[in-house]
2 protein chains.
Amino acid sequence: MNDKIRIGIVGYGNLGKGARLAIVQNPDMELIAIFTRRNVDSIHVEDKQVKVLNIHMAEEYVDLIDVMLLCGGSAVDLPIQGPYFASMYNTVDSYDNHGNISEYFRDMDKASKLKGKTSTICIGWDPGLFSMNRILFESILPKGESYTFWGPGLSQGHSDAIRRVVGVKDGVQYTIPIKDALEAIRRGKTPQLTTGEKHIRKCYVVEEEGADKDKILKEIKSMPNYFLDYDTEVIFISEKELKENHSQMLHGGFVIRCGSTGREYDNNHLMEFSLKLDNNPEFTSSILLAYARATYKLNKEGHVGAKTVFDIPLKYLSNRTSVDLCKSLL
Amino acid sequence: MNDKIRIGIVGYGNLGKGARLAIVQNPDMELIAIFTRRNVDSIHVEDKQVKVLNIHMAEEYVDLIDVMLLCGGSAVDLPIQGPYFASMYNTVDSYDNHGNISEYFRDMDKASKLKGKTSTICIGWDPGLFSMNRILFESILPKGESYTFWGPGLSQGHSDAIRRVVGVKDGVQYTIPIKDALEAIRRGKTPQLTTGEKHIRKCYVVEEEGADKDKILKEIKSMPNYFLDYDTEVIFISEKELKENHSQMLHGGFVIRCGSTGREYDNNHLMEFSLKLDNNPEFTSSILLAYARATYKLNKEGHVGAKTVFDIPLKYLSNRTSVDLCKSLL
Ligand SMILES: NC(=O)c1ccc[n+]([C@@H]2O[C@H](COP(=O)([O-])OP(=O)(O)OC[C@H]3O[C@@H](n4cnc5c(N)ncnc54)[C@H](OP(=O)(O)O)[C@@H]3O)[C@@H](O)[C@H]2O)c1
Ligand SMILES: NC(=O)c1ccc[n+]([C@@H]2O[C@H](COP(=O)([O-])OP(=O)(O)OC[C@H]3O[C@@H](n4cnc5c(N)ncnc54)[C@H](OP(=O)(O)O)[C@@H]3O)[C@@H](O)[C@H]2O)c1
């Protein structure tokens, strides 16, 4: 008899690859199959035991997989793949399109309830761990100010934006918290700050041969939403240097709240949560797996429908017994 | 009609006083009464509206109070007051006797289920917020090492121990994390460390007139459990200096996990949670209130019995609606 939680992966990009590696770290889980839209022969997985299947095969596995990790992109893949899989499987995804979460929640809730499944959405570090700290901090210290800083880290969306500029061959963008802003808050200040007052943007760009560097620089710096309202630095480098020094997917960030209590609100308290990650998708998929365990247990107990990090008690994430949790971690 | 959560406070020490002040910060709550074992006339509360009652009056208030905050001490008060109140009221306490939590949980669970009440136990920052991060960190990165550092902060227990030494008139003890140990972990090291390898203990002592300072110093430094296994510093100061510089109840600490992922476990990730508190009991009682809100809601939904931070979804702590939570904090 097999007591392991049987995991499936949908979509084999960065997150999907990270999830495959993370499953090995969790002795109570096993990987059953990876589902992809691409030609299965084009996907190379080191471990020959792992099945790579076309996504259309997923309907055949409903009795063989306990939780499906949806590792597709938030913009285009998840709005379609999410409800489709949620109607057949317990699912976990890292949907991160902040503006559309309410609709996505509604769609996933409806789909998963059809067959009594549980769909845990918006899992990762932001949304995810950072959201948990935002709600926790604010609930404890109602009088105060919360701040989220991202980075230092490589931003996929901003790197993509750079690469779309005419004359740019390749490039990456780092989001970097402004130290002075961070330190002021740590000293108990509660300024009102825009995202641009909290972060600088540093771009490493490889230009096409003969491209006009000045023009590239101006175009990047004036890009609305992405760079215009930021202190943006553009550094031109060689293709070789980009490959060697900028191919790691570093990321991280901080959630901080400075709040006060007491008769005259004269006692200040600082709560801080921070991450420093060598590899963003590997870390994010490790979070997906902890929530896959939770999703599996919640569904066994009859908690169906869509869930977020706000809905799930922490004990569900752990592989330890309740008694052990009390003894070892409380 | 009154929609506020009606709060009672049992025990008017540091936590009880902090709780009274914190209720004012939470517009969805109101303080009904403070219950004490002492002569009610000996208790001075600024706000004349607040009832101060003998603890025996508590039985009369079962229909007038939604959640009782148990602010007694963990060693002697809570083992008795806990089950007594849990059998009449929804309760929240900050029981922190790590070694006896399982028994306390069992007693509170039994008592609260008798009348369909909910008792949330071990609330605070350690146990409490730190425990939440310990379970979260370990569940996400199974391969890694977690560390808890306490301080810089005033330790009540260790200060009491100093004051019991013959020749000591008064004194306080600060627990201080060892910077080098903290920094090594932040750089990705995962050493095995005892509590003594993570902290130093700094004592400020006022001696009785004519007392033998050398003897006091030796006695403190050789006290088993408390100081023997630590790098302990003893500084003699005047009574005036103690009053002026060491009467604030500063505290704080860190929970850190360094873990790794990837094919060769070559990607390191650092997760860190930290607190820097001007006033330990005021902050702790603010946590009690967020959990009072949760306890109230849980009980309304029929979740009875004893609960810890591992059992309670974060949404219950907040005063915001689910839709607002998704929009503003997720
Ligand atoms: N909440 C958080 O903290 C957090 C953190 C990180 C990421 N995320 C989110 O997670 C989502 C996925 O991120 P990701 O980095 O895994 O995205 P990605 O690498 O672009 O992968 C997305 C999808 O693209 C397809 N794909 C991957 N490589 C391909 C290739 N070579 N050719 C054609 N198609 C390919 C895959 O589907 P097929 O296998 O079906 O082709 C894959 O599922 C993003 O939307 C991101 O925003 C959230
Ligand atoms: N989990 C955490 O992170 C955390 C953090 C901080 C504290 N705690 C725990 O919370 C518990 C309470 O801490 P505390 O600082 O509030 O303790 P405290 O000030 O010693 O108060 C404990 C009790 O002593 C009685 N008392 C207070 N002042 C008195 C006085 N002048 N004369 C006689 N009796 C008096 C009060 O009961 P009556 O009014 O009935 O006399 C009060 O409920 C401790 O056990 C502590 O370990 C936990």
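A residue is near a molecule if one of its heavy atoms lies within 4 Å of it. The model discussed here is predicted.

Me: How many residues surround ligand 2?
Reply: The closest residues include Leu15(B), Thr36(B) and Arg38(B). Ser74(B) and Asp96(B) are also among the closest. In total, the residues that surround ligand 2 number 22.

Me: Which residue has a polar backbone atom 2.7 Å from an oxygen atom of ligand 2?
Reply: A backbone N or O atom of Asn14(B) lies 2.9 Å from an oxygen atom of the ligand. For Arg37(B), a side-chain N or O atom is 2.9 Å from an oxygen atom of ligand 2. The 2.7 Å distance belongs to a polar backbone atom of Ser74(B).

Me: How many residues of the contact of α1(B) with α10(B) are nonpolar?
Reply: On α1(B), the contact includes Asn14(B), Leu15(B) and Gly18(B). On α10(B), Pro281(B), Glu282(B) and Leu289(B) are among the partners. The contact has 5 polar residues and 1 charged, and its nonpolar residues number 8.

Me: How are α2(A) and α3(A) oriented to each other?
Reply: Helix α2 (residues 78-86) of chain A packs against helix α3 (residues 101-114) of chain A, with axes 7 Å apart. The angle is about 25°. Angles under 35 degrees count as roughly parallel. α2(A) and α3(A) are therefore, to each other, roughly parallel.

How values were computed: Residues numbered from 1 in each chain as written. Chains lettered and ligands numbered in written order. Predicted model: local features only at pLDDT ≥ 70, side-chain atom pairs only at ≥ 80, totals over all residues. Heavy atoms only, no water. Axes fitted to C-alpha atoms, helices over the stretch in contact; angles between N-to-C directions. Helix = DSSP H or I, 4+ residues; strand = E, 2+ residues; numbered from the N terminus. Parallel < 35°, antiparallel > 145°, perpendicular 65-115°, else oblique. Polar contact = N/O pair within 3.5 Å; in protein donor to acceptor, adjacent residues only side chain to side chain. Contact = heavy atoms within 4.5 Å. Nonpolar A, V, L, I, M, F, W, Y, C, P; charged D, E, K, R; others polar.
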